[in-house]
Amino acid sequence: MSKYLLDIKTLGELKKAGYKSRSVKDELRANLITQLQKKEGGFEGIIGFEDTVIPDLQTAILSRHNILLLGLRGQAKTRIARLLVNLLDEYVPYIEGSELFDDPLAPISWYGHSTVESKGDDTPIGWIHRSERYTEKLATPDVTVADLIGDVDPIKAATMKLTYSDERVIHFGLIPRAHRGIFVINELPDLQARIQVSLFNILQERDIQIRGFKLRLPLDIQFVFTANPEDYTNRGSIVTPLKDRIESQILTHYPRTVEISRKITQQEALLSAEQRANIEADGLVKDMVEQIAFEARNSEYIDKKSGVSARLTISSYENLISNAERRMIINGEATTFVRISDFLGVIPAITGKIELVYEGELEGPGKVANILIGKAIKTLLLQFFPDPEKAKKAKAPNPYADIVNWFSDGNTLSLVDDLSLVDYKKSLNAVPGLKDVVKKFHPRLSENQQLLLMEFILHGLAEFSQLNKGFLDNGFAFSDMFNSLFNLEPDEDDLDIDDRY
């Protein structure tokens, strides 16, 4: 859009400039073609959909289709819809004063037609930015036809002294006001069936019906709908004729790998500059956060139809950093690093974001969250160290033997989450053989990384039933697998992590 065009103030000047209007779908298509020719990315911030969702979306735009994004919660459906705005022209002209932002060259409202007829080439022109051409509505059961389409406004009729047969008494709803823009309806199945029916004509015939008015407004709108498959059975469904009128249905999905999931979390997590500068988060703990979500999506305790949102990992990572920050502040330390024991602080971020099946309800959300963390530790341990079960049976010396034997001699170790760095280091170094295992398999590590892996081994051995791990109010207690007595004996309630949440 040249600066010269923005200086145009009348319809006559617009015509002289040779401006040609085009539909929203043609705009999106032309700008997408330009973007593809220039090999520009587009859809910035959307990670993991480069070879799946994005190509389908681009195909639908090139086909000038209305779009349904179908997928479980936390799959960036709404974010994708919002990014479509970037494919619109930066500015487009409209008849100044028009509530429907009438195209000066093709008005559709009474105001637009009458203004052009009365003023001709002197019709005043304004320019609207693409950011103002996006309308979004969350579908809820209380949405009415009047909200979306419009209704007769008796106050307007009385004020303007108009009869109810006059088109000007209509108060237009969200959809007509989205003329020449993108209109998004989130969670489409939550709309009542009769409201969904009201969308038929708009999608097919591009006209609307309000009360007794025989209006034929050729609305120019790119529709984008989002829906969750779970809604089809739990709360509502998309009526078949409406589904038939939405030309392209695009399936979204969760990240396919831990690496992709980690990129999303690191991009979306809201951390302060101080947190980023003062708190070290090793790649291991970042991967653990993502692995928890992968374990949750395959867990027998969690409803797979409901899904596990990407928000789980984002909130979990934020809590993980904040838990370490809390310890740093309490101990008066300038810097710190995330420990495995900090994952106790992640549990509140997990429990609110998982839908449990019957077996999960029996266990309780706190215990299920802890089980997921344990499974993530077990999975990742094998990427860093030998399998403890195989090492125990192998003829070669068991690298974990000294560690397990120390606990078998009746020794115990407690790691609470507010332990200072000095005490944390002292506690871990007290276990013979622990540092040796880390040095053997990972010789080039910083001291912080070394300590992290030392604690990681203890948690991993507990998951492989080589050690016993008990839960304290603010940490963990490790002991011999076959010895239920601790030197520091927690109460029975302390052993139940679900009591905390």
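A: Helix H20 passes helix H25 in a left-handed crossing (the near helix is turned anticlockwise from the far one by less than a right angle; clockwise would be right-handed). Bear in mind that this is a predicted model, where local features need pLDDT of at least 70, side-chain atom pairs count only at pLDDT 80 or more, and totals for chains, interfaces and linings use all residues. Residues are numbered from 1 along each chain as its sequence is written, and side-chain values use heavy atoms, leaving out hydrogens and water.

H20 spans residues 365–384 and H25 residues 447–463 (helices are DSSP runs of H or I with at least four residues, strands are E runs of at least two, numbered from the N terminus). The two pack at an angle of about 115 degrees, and their axes are 9 Å apart (axes are lines fitted to C-alpha atoms, for helices over the stretch in contact, with angles from 0 to 180 degrees between N-to-C directions).

Who meets whom? From H20 come Gly374, Lys375, Ile377, Lys378, Leu380, Leu381 and Phe384, and from H25 come Leu453, Phe456, Ile457, His459, Gly460 and Glu463 (contact means heavy atoms within 4.5 Å). Sorted by class, this contact of H20 with H25 holds seven nonpolar, three polar and three charged residues (Ala, Val, Leu, Ile, Met, Phe, Trp, Tyr, Cys and Pro are nonpolar; Asp, Glu, Lys and Arg charged; the others, Gly among them, polar).

Now to the strands. An open sheet of five strands, paired in parallel, has the order E4-E7-E8-E1-E9 (two strands pair if DSSP finds at least two bridges between them). Strand E4 (134–138) and strand E9 (248–251) are at the edges with a single partner strand each, so one side of each has no neighbour in the sheet. On average, neighbouring strands here are turned by 20 degrees against each other, direction ignored. Five bridges link E7 with strand E8 (residues 221–227), and phenylalanine 183 has phenylalanine 223 in E8 as its bridge partner.

Finally, visit the loop between H9 (174–177) and E7 (181–186), where arginine 180 sits. Arginine 180 has a positive phi of about 70 degrees although it is not a glycine, and its relative accessible area of 7% makes it buried (under 20%; over 50% is exposed, in between partly exposed, with a 1.4 Å probe and protein chains only).
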